[in-house]
Every structure is written in C-alpha cells, then in structure tokens.
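Student: I am new to this structure. Can you show me how to read it, one feature at a time?

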Amino acid sequence: MPKRIQGEAPGGFGERLARLRKQAGLTQTALAQEIRISQRMMAYYEGPTAFPPATLLPAIARVLGISVEALLGTETAKLAAPDGYTLVM
C-alpha cells in the first residue's frame, strides 16, 4: 500500500484535484473531455477514496497547467495568472 503524504487526510487527493480543477476554471466535464475519460470517472477520482491511474496524472497536470508533483501534493502548485504574475497555492 502506498504511503500517504504526511499530514494529508484520507481523500486528500480528490479534494486537491477538485480544488485545482475549479481554480483552473474547468468543470468536471471539461477536464474529463480533455483527458478522454467520462465525467463520471472524473467525479469518482475527486471522491474521498479513489485515485486515477498513474498514466493519467501527466495529462491531468498538463490540462491544469501544473506539475505532477503539485497535483500529488508534494510541491506547491503554481498557476499562471492572466496578468503574468504567478499564483502560489
């Protein structure tokens, strides 16, 4: 069983994925279409106990404009703001 990120509550990945998706201005349907899965699977991955397969992580990170490490919660996520500044989450 994989080790949890220290200090992360169970279901933390799904909550982080939903937060990052919303901050990127995407709906579940839009993100799902971009990575070629169903909206239902996206909702499942945003739940408290599910994780997407490792093969999907680079695609999700690319669409959200972040690194895989930021998606996994091992580094601070940085999003480019429209005015050229960087938003640190």
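Tutor: Let's start with a pair of helices. This is a predicted model. Helix H2, residues 28-35, packs with H4 at an angle of about 125°. The axes of H2 and H4 are 9 Å apart.

Student: Why give an angle and a distance?

Tutor: Two packed helices are described by the angle between their axes and by the distance between those axes.

Student: What word describes how H2 and H4 lie to each other?

Tutor: Look at the angle of about 125°. Angles of 65 to 115 degrees count as roughly perpendicular, and those over 145 as roughly antiparallel. H2 and H4 are therefore oblique to each other.

Student: Is the crossing of H2 and H4 left-handed or right-handed?

Tutor: H2 crosses H4 in a right-handed way. On the H2 side, Leu31, Glu34 and Ile35 make the contact. H4 brings Ala59, Ile60, Arg62, Val63 and Leu64. By class, that contact has six nonpolar, no polar and two charged residues.

Student: Which residues does Ile35 touch, leaving aside its neighbours within four places in sequence?

Tutor: Ile35 is in contact with Met42, Leu56, Ala59, Ile60 and Val63.

Student: At what angle do H1 and H4 cross?

Tutor: H1 covers residues 12-23, and H4 covers residues 57-64. Their axes come within 10 Å and cross at roughly 35°. The crossing of H1 and H4 is left-handed.

Student: Which residues of H1 and H4 meet?

Tutor: From H1 come Phe13, Leu17, Leu20 and Arg21. From H4 come Leu57, Ile60 and Leu64. The classes here are six nonpolar, no polar and one charged.

Student: How many residues of H4 are buried?

Tutor: Six of its eight residues are buried, and H4 is mostly covered. The buried ones are Leu57, Ala59, Ile60, Ala61, Val63 and Leu64. Just after H4, Gly65 takes a positive phi of about 75°.

Student: Which residue has a positive phi although it is not a glycine?

Tutor: That is Arg36, with a phi of about 60°. Arg36 sits in the loop between H2 and H3.

Student: Is Arg36 buried or exposed?

Tutor: Exposed means over 50% relative accessible area. Arg36 has 77%, so it is exposed.

Student: And where is Ser38?

Tutor: Ser38 is in the loop between H2 and H3. Its relative accessible area is 37%, so Ser38 is partly exposed. The C-alpha atoms of Ser38 and Gln28 are separated by 9.0 Å. Along the chain, these two are 10 residues apart.

Student: Let's step back. How many helices and strands does the protein have?

Tutor: There are five helices and two strands. From the N terminus, the order is α-α-α-α-α-β-β. The protein has 89 residues, and 38% of them are buried.

Student: What share of contacts joins residues at least 24 apart?

Tutor: Take contacts between residues at least 6 apart in sequence. Of these, 46% join residues at least 24 apart.

Conventions: Residues are numbered from 1 along each chain as its sequence is written. This is a predicted model: local features need pLDDT of at least 70, side-chain atom pairs count only at pLDDT 80 or more; totals for chains, interfaces and linings use all residues. Side-chain values use heavy atoms; hydrogens and water are left out. Axes are lines fitted to C-alpha atoms, for helices over the stretch in contact, and angles run from 0 to 180 degrees between N-to-C directions. Helices (H or I, at least four residues) and strands (E, at least two) are DSSP runs, numbered from the N terminus. A crossing is left-handed if the near helix is turned anticlockwise from the far one by less than a right angle, and right-handed if clockwise. Contact means heavy atoms within 4.5 Å. Ala, Val, Leu, Ile, Met, Phe, Trp, Tyr, Cys and Pro count as nonpolar, Asp, Glu, Lys and Arg as charged, and the others, Gly among them, as polar. Angles under 35 degrees count as roughly parallel, over 145 as roughly antiparallel, 65 to 115 as roughly perpendicular and the rest as oblique. Buried means under 20% relative accessible area, exposed over 50%, partly exposed in between (1.4 Å probe, protein chains only).
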